[in-house]
Amino acid sequence: AKKPVIGHNCLLDIAHLTTKCIGKQSDDVEQFRKCLKSSFYSIIDTKHLLYNHSALRKRFPRNGLGMVYEATVSDEDFRRTNPEVVFPHAFERYAKKTTKNDTFHHEAGYDALMTGLVYARIVAAEATITKDSGTNKLASFYDAM
């Protein structure tokens, strides 16, 4: 399907998914890497991305999913490029979050939503910030993986 798998701090999730869907994996790291490359089009770990991209690491010194999500909601650069999200009927309650006390953290659907939005906001903000320079540092980072 050539769709990326996007997660936050997702190595163990990917290992579990691989074991359950593909089968027991070798203990050899290189063999596991080859299995991942042949099984998934692309894997993007937003926590890894935030830590290894120097400008993002400075902007997000604390890179837990909830903290990064809240930072991208409140930061002007990210709000300016915020993608529109349309919620399916069964998940409208996620759109109605009004205070920090209205939390759904660690609900699988909400964590997936936060991860996707963090990724989309980072990519959109990076594209806006670097469009004049002619290079997209995030694209270069992905090419290296």
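**Y69 and Y110**

Modeller: In this predicted model, both Y69 and Y110 are buried.

Colleague: What is the relative accessible area of Y110?

Modeller: Y110 has a relative accessible area of 1%. Since buried means under 20%, Y110 counts as buried.

Colleague: And where is Y110 placed?

Modeller: Y110 sits in helix α8, which covers residues 108-130.

Colleague: How many aromatic pairs does the structure hold?

Modeller: One. Y69 and Y110 form that pair, edge-to-face, with 6.2 Å from centre to centre and 70° between the planes.

Colleague: Which parts does the pair tie together?

Modeller: Y69 belongs to helix α5 and Y110 to helix α8, so the pair links parts 41 residues apart in sequence.

Colleague: Back to α5, then. Which of the residues in helix α5 are buried?

Modeller: Helix α5 runs over residues 65-74, and its buried residues are L65, G66, V68, Y69 and T72. Viewed down the axis of α5, they fall within an arc of 165°, so they line one face of the helix.

Colleague: Why do residues three or four places apart in an α-helix point the same way?

Modeller: Because an α-helix has 3.6 residues a turn.

Colleague: Another one on Y110. What separates the C-alpha atoms of Y110 and Y94?

Modeller: A distance of 7.1 Å, with the two residues 16 apart along the chain.

Conventions:
Residues are numbered from 1 along each chain as its sequence is written. This is a predicted model: local features need pLDDT of at least 70, side-chain atom pairs count only at pLDDT 80 or more; totals for chains, interfaces and linings use all residues. Side-chain values use heavy atoms; hydrogens and water are left out. Buried means under 20% relative accessible area, exposed over 50%, partly exposed in between (1.4 Å probe, protein chains only). Helices (H or I, at least four residues) and strands (E, at least two) are DSSP runs, numbered from the N terminus. The arc is that of the directions from the helix axis to the C-beta atoms. Rings of Phe, Tyr and Trp (its six-membered ring) pair if their centres lie within 6.5 Å; planes under 30 degrees apart count as stacked, over 60 as edge-to-face and the rest as tilted.
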